[in-house]
Amino acid sequence: MGRYLRLLKLQLRTSALLAAQYGGTFSSTGSSRWCGRHGGRAADHRVRGASKRGISGWSAEEALVVTGWFVVLQAILDGAINPGLQAVVEHIRKGTLDFVLLKPADAQFLVSTSRFQCGA
């Protein structure tokens, strides 16, 4: 278990270094996209909750919690799962999946944690 935690830490570090290659673009683009996308949703729920007695029978707070969970799950999907799936397709296309399969670790773990994206 410790070995895979070290591998995950290394994969996260490599992804962060790859994303930070372009300096300020990494932090400014990620934060502005996140605030624009999800801040608007929160504001929309506040306005709708104040103008009505709720959204489809839900109170404004309940709808905001559901939206918050949606944002968290979508961030996990967009930041961790989709980049790994794209890496598998890229390995297959380039013919380099054999090199991953020959490494002395679980190939499924290596491929699925090969790439992470922040602020996508």
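Helices here are DSSP runs of H or I of at least four residues, and strands are E runs of at least two, numbered from the N terminus; the expected span is 1.5 Å times one less than the number of residues. The model is predicted: local features need pLDDT of at least 70 and side-chain atom pairs 80 or more, while totals for chains, interfaces and linings use all residues. Residues are numbered from 1 along each chain as its sequence is written, and side-chain values use heavy atoms, without hydrogens or water.

Centre on Leu77, where α3 has a kink of about 35° (the angle between axes fitted to the seven residues ending there and the seven starting there). Then colour the buried residues of α3: Ala60, Ala63, Thr67, Val71, Gly79, Pro83, Gly84 and Ala87. Buried means under 20% relative accessible area with a 1.4 Å probe, protein chains only. Just past the helix, Gly95 has a positive phi of about 80°.

Next, select Leu7, Val100, Ala105, Phe109, Leu110 and Val111, the largest nonpolar core (buried Ala, Val, Leu, Ile, Met, Phe, Trp, Tyr and Cys residues joined through side-chain atoms within 4.5 Å). Helix α5, residues 107-112, supplies the largest share of this core, three residues. From Leu7, look for contacts (heavy atoms within 4.5 Å) to Ala105, Phe109 and Leu110, leaving aside residues up to four places away in sequence.

Finally, show the whole chain: five helices and zero strands. Of its 120 residues, 20% count as buried.

Conventions:
Buried < 20%, exposed > 50% of the residue type's maximum accessible area, 1.4 Å probe, protein only.
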